[in-house]
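Let's take a walk through this model together, one piece at a time. Have a look at the fold first, and then read on.

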Amino acid sequence: DHGFDHTEIEPAWQDEWAEADIFRIPDDAEDPAYVLAMFPYTSGNLHMGHVRVYTITDAFARFERMRGEEVLHPMGWDSFGLPAENAAEERDTNPRDWTLSCIDSMREQLSRMGFGYDWERELATCDPDYYRWNQWLFERFHEEGLVERQGSELNWCPSCETVLADEQVEGEDEVCWRCETPIETREMDQWFLSITDYAEELYESLDDLDGWPSNVREMQRNWIGKQEGASVAFEIPGYGEVDIFTTRLDTIYGATYFSLAPGHPVAQEIADDNDEVAEYVEMAEEADEDDLDVTSGVFTGEYAINPATGEEIPVYVADYVLTDIGTGALYAVPAHDDRDHEFAQAHDIEIQQVVEPTADAEVDPADVDVQEAAYTEDGHLVNSGEFDGLTSAEARDRFVEVFDGEHHTEYNLRDWGISRQRYWGTPIPMVWCDDCGAVPVPEEDLPVELPEFVHTTGNPLDAAEEWKHVECPECGGDAVRETDTMDTFIGSSWYFLRYASPDLEDAPFDSERASDWLPVDQYVGGIEHATMHLIYARFFTKVLDDVDLLDGVREPFENLTNQGMVLGEDGNKMSKSRDNGVSPTRIIEEYGADTARLFIMEAAQPEKEFAWSAEGVRSAHDFLQSLYTLALEYARGDVATGGDTTIAEYVDREIAATAARATTEYEDFRFNHALQAVRELVSLLRRYREVTAVDPATFEDGLLAATKLLAPVAPHVGEEIWDALGGEGLLAEAAWPDSEAPADYALERRLIEDTREDVRDIVETVGIADPETITLALAPAWMHEVADVARDADNVVPAVMQNEDLQQHGEDA
Ligand code: ANZ
Ligand code: ZN
């Protein structure tokens, strides 16, 4: 008996599933379980990371389907972006042909893994039928006032005369990838989406996303960077009132200097009369933001009046004050802020303490020396006139009124610059007219399709003369198209909505259906998307809800899982340079998709990383073969039947308990625990058969339960066994085993597993030590442990372990 041949059974069952169309979800499904993996970038090759994430959602989708849910489990392609342009250059082809061939080969690879998708809902972001809706949505956002032109710094190659993406700037000396000329930065106008309008809601509603990992929520909080504070005006004689933003209004009495960003209008004004300041401002504007020197700055000769003390404090222009944060101006308190402290020491500015640790603080006030280092914690006020003794929090409240300020909240989040000077993206649907300015392309002229690709140094869209020159939609005069394309993240910000109605021709998605089907119940993907993609998608969802394209959907993803990494056998990340990669194709050929899926799912919980293991792969393979063999032997009548009903009852209870346990573990995304339970059940069945003639109903039940519980992970072998045992229809559509374990039994298990120290009591309470029903040969692993402890406790259990009658019975059979 040679077991199953995966090269035969896997393609055969894949065909059966396709023929029966079981992964198809009808449009009129009311509220399907929406299970989604982040769609892949079309690199052309499936790697183990892909295999892992898609195995997770496929297993969960199959689990939900067997439980009787309607399941939406779609697949699509994130298929715009620079790599396709690079590949086209290298292979002397064009990005479209290259991308489409990548899609074909990746679709084929996914199918060979046995993943069950509703392929009728397949979409590709590079398809004009898809990206026309990127354009339509851009115009919709534009109508809502959520699109703006703003200046932004870009990488510029003076030799190629083109803008470069960050990825096209190479090496430490930052040279052009193509001609190795050192790049320059240039300020150019770009299109921005006003995501900052949604900063508050994006921040606050993170609290309600309790189906998300807390680290992702924290990363989003940091990215959005909400700071509550106040703005207060300082007078600079000769230049008027200047607003500052502060989160530490309690420290205002300790302000010993004032600082303006080089880009602040007052700094520019002062520069007009002051050469030294002018020189500094110019230098600061050219400097790279990345190598910031906190001590860099220049005294302007001017003074600001501190509204708290009435004193004059020197005004500096300093690089560490950023133009587009807050008001671009601050009062500096060296005693209580690290950067101000460093600056003050470098410029010999006074340091004045105004906050002291309170009595219950960990630091002793006597140990605080603000001349040495800033004390940045809250405390109570000193050297603050009549306000001495107030806590920092009280002072912040009071001072807003006392100094005529305003409560103000700042966010680190910036607007989303979406212009890319590249070919392989969604053309931004705008036309530039000398008379009318930027005019949106009329809806009936969408999509603006990409022209043919040409090999050129700059942006191929700039070179597409015929495509570029158009009539102005407003005045009919000569005009040119916008030649920038959209950031590829636009396409991934709403694709999960398009799956509801992928072929719809008059709207981006069917509003009613998308509103019914959203949010995604389980979203799975890499932690690298914790901020950008997952913030953009949340932003899009909120806007679309506000413009009534959605009905009451404020968040796109209810539950989120970030899968851990698959490492090489050496424990390092799989990579080409380390040559420790394992090719999914090779594994499928050698061992089959089921083995790969089972190994991956058994190796660790989805969130954890694990190392590839050839031994683990073989173990998974052996397990599948042995279950298959056992089932076929039974089906052929090679398993002796008859047997003792008390043992059968015990096995029945184990089957029920396994189903209950595995179900809970599947629900909680702890697939490895579920699979452990299945393995235990299978070895119990094997021992059952070894020690005694089996009760056929019980034995068959056990085989069927194991097969079903395994089906989400190893669906092909599962179908084969199901078929051999005479199961009706497809296993993929069979009903999930009854997962209600008998209450007393579940309790018994829990007691035993949770409180091993108390074994003596437990044994007495639940009476598992019935020598008539339990034999050493049948006892699962946990019972051995119980027995070990119990033996020390001089319990009755050891007697059970030597129940020779039953052993004998088994050998006879
Ligand atoms: C006075 C003060 C005293 C501040 C103190 C802090 C500590 P964080 O600290 O990250 O929450 N700030 C305001 N505008 C700025 C700008 N344009 N560029 C750089 N820094 C700016 O950020 C809030 C603080 O950042 C503000 O509170 C301000 O300094 C500084 F003991 O005001 B603070
Ligand atoms: Zn015009």
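Glu 174 has 14 C-beta neighbours inside 10 Å, so it counts as partly exposed. Here buried means 20 or more other C-beta atoms within 10 Å of a residue's own, exposed means 12 or fewer, and partly exposed is in between, with C-beta atoms placed from the backbone. Glu 174 is not a glycine, yet its phi is positive, at about 50°. You'll find Glu 174 in the loop between β7 (169–170) and β8 (175–176). Helix and strand labels come from DSSP runs numbered from the N terminus, with helices being H or I over at least four residues and strands being E over at least two.

A word on what you're looking at: this is a predicted model, in which local features need pLDDT of at least 70 and side-chain atom pairs count only at pLDDT 80 or more, while totals for chains, interfaces and linings use all residues. Residues are numbered from 1 along each chain as its sequence is written, and chains are lettered from A and ligands numbered from 1 in the order in which they are written.

Now the overall picture. The chain has 28 helices and 29 strands, and its C-alpha atoms fill a box of roughly 110 × 75 × 50 Å along the principal axes. Of the 813 residues, 43% are buried. The chain is divided into domain 1 (226–411), domain 2 (429–483), domain 3 (584–733) and domain 4 (743–812), with bounds taken from an automatic or database domain assignment. Over C-alpha atoms, the centres of domain 2 and domain 3 are 60 Å apart.

Asp 92 is another non-glycine residue with a positive phi, this time about 55°. Asp 92 sits in the loop between α3 and α4, and with 7 C-beta neighbours inside 10 Å it counts as exposed. What about the helices on either side? The axes of α3 (residues 82–91) and α4 (residues 95–112) come within 8 Å and cross at roughly 105°. The axes are lines fitted to C-alpha atoms, for helices over the stretch in contact, and angles run from 0 to 180 degrees between N-to-C directions. The two helices α3 and α4 are therefore roughly perpendicular, a label for angles of 65 to 115 degrees, where under 35 is roughly parallel, over 145 roughly antiparallel and the rest oblique. In α3, Ala 84, Glu 85, Ala 87, Ala 88 and Arg 91 meet Pro 95, Trp 98 and Thr 99 of α4; a contact means C-beta atoms, placed from the backbone, within 7 Å.

On to the sheets. Strands count as paired if DSSP finds at least two bridges between them. One open sheet runs β2-β1-β26-β27, with parallel pairing. Its edge strands, each pairing on one side only, are β2 (71–72) and β27 (560–562). Within this sheet, three bridges join β1 (residues 33–37) to β26 (residues 522–525), and Ala 37 stands opposite Val 524. Helix α2 (residues 48–66) packs on the sheet, touching β1, β2 and β26, and its direction makes about 170° with that of β1.

Ten bridges join β5 (residues 147–157) to β9 (residues 184–193), with Arg 149 opposite Trp 191.

Four bridges join β15 to β12 (residues 257–260) in the antiparallel sense, and Leu 260 faces Ala 329 across the pair.

For a hairpin, turn to β21 and β22, which have three residues between them. Strands β21 (residues 430–433) and β22 (residues 437–440) pair antiparallel over four bridges, with Val 431 opposite Val 439. Between β22 and α12 (460–463) lies the loop holding Pro 447, which is joined to Leu 446 by a cis peptide bond.

Setting aside neighbours within four places in sequence, Ala 603 is in contact with Phe 610 and Gly 616. The C-alpha atoms of Ala 603 and Asn 672 are 6.7 Å apart, although 69 residues separate them along the chain.

Note on methods: Contact = placed C-beta atoms within 7 Å.
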